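I opened the model today to look up a pocket, a helix and a strand residue. My notes follow.

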Amino acid sequence: MAGTVNSKLMQDARSLQAAVAELVRIYQVRDRDRICCHDISVTQCHALEVLVTRGPMRAQAMAEALRLDKSTVTRVVDALVRKAYVERLPDPDDARAQSLRITPAGRALFKRIDDEMVQQQAALLGDLAPEIRAGATELIQRLARAAEQRFVPGACAPSTCAPGEAGPGCG
């Protein structure tokens with residue numbers, strides 16, 4: 001019986017992997033096509049979202065939030081500063097450091113993009129029963145939290161490495 005349960009679990013896991021991979025591919029294309037219409041990249045939009053939801057922060061905190069290296073975040077922020085969507089200010093806790101803050105123009109742009117995305121989601125959910133919409137949202141949130149807890153930047157957990165695979169944390 002245990003073998004059957006494990007086999008069914010693995011089938012379900014394979015089906016989930018395929019479904020999530022397809023959903024991510026579709027959303028990546030959607031995001032790229034929709035967000036780039038506003039003359040910013042998807043990563044720049046994610047940076048604006050982090051500043052909207054978490055408030056002003058240093059570049060290192062932004063890098064951690066976006067799971068990017070600091071040099072990449074610097075380039076992303078430089079572009080947003082040039083476009084007047086983000087500003088660099090002296091950090092209140094360390095005069096040698098800078099804090100990143102979204103500008104009113106950046107906040108307005110993010111709201112416009114987010115509103116468009118929410119409208120698309122409403123169109124997708126419109127023909128589903130309220131309990132299915134709530135269940136789908138709860139499932140995605142739970143999967144995201146579980147994945148977040150297992151995420152180790154730049155490392156491959158030994159339990160997920162393929163035999164003979166190289167890399168930090170592997171083999």
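I start with the term: on a 1 Å grid over the protein atoms alone, a pocket is an open set of points with protein on both sides within 12 Å along at least five of seven lines, and lining residues have an atom within 4 Å of a point. The model is predicted: local features need pLDDT of at least 70, side-chain atom pairs pLDDT 80 or more, while totals for chains, interfaces and linings use all residues. Numbering runs from 1 along each chain as its sequence is written, and side-chain values use heavy atoms, without hydrogens and water.

**Pocket.** I looked up the largest pocket and found 40 lining residues. Val 20, Val 24, Ile 140, Leu 143 and Ala 144 lie nearest its centre. Elements giving two or more residues to this lining include helix 1 (2-35) and helix 6 (130-150). Helix 1 supplies the largest share, 13 residues. Helices here are DSSP runs of H or I, at least four residues; strands are runs of E, at least two.

**Helix 5.** I checked which residues are buried (under 20% relative accessible area, 1.4 Å probe, protein chains only; exposed is over 50%, partly exposed in between). They are Gly 106, Leu 109, Phe 110, Ile 113, Met 117 and Gln 120. These cover an arc of only 95 degrees around the axis, so they sit on the same side of helix 5. The arc is taken from the directions from helix axis to C-beta atoms. Pro 104, Gln 119 and Ala 123 are exposed on the other side.

**Asp 91.** I placed Asp 91 in strand 1 (residues 86-91). Asp 91 counts as buried because its relative accessibility is 9%. Its side chain reaches the backbone nitrogen of Asp 94 at 3.2 Å.

How values were computed:
A polar contact is a pair of N or O atoms within 3.5 Å; within protein, one must be able to donate a hydrogen and the other to accept it, and residues adjacent in sequence count only if both atoms are side-chain atoms. On a 1 Å grid over the protein atoms alone, a cavity is a set of points where a 1.4 Å probe fits but cannot get out, and a pocket is an open set with protein on both sides within 12 Å along at least five of seven lines; lining residues have an atom within 4 Å of a point.
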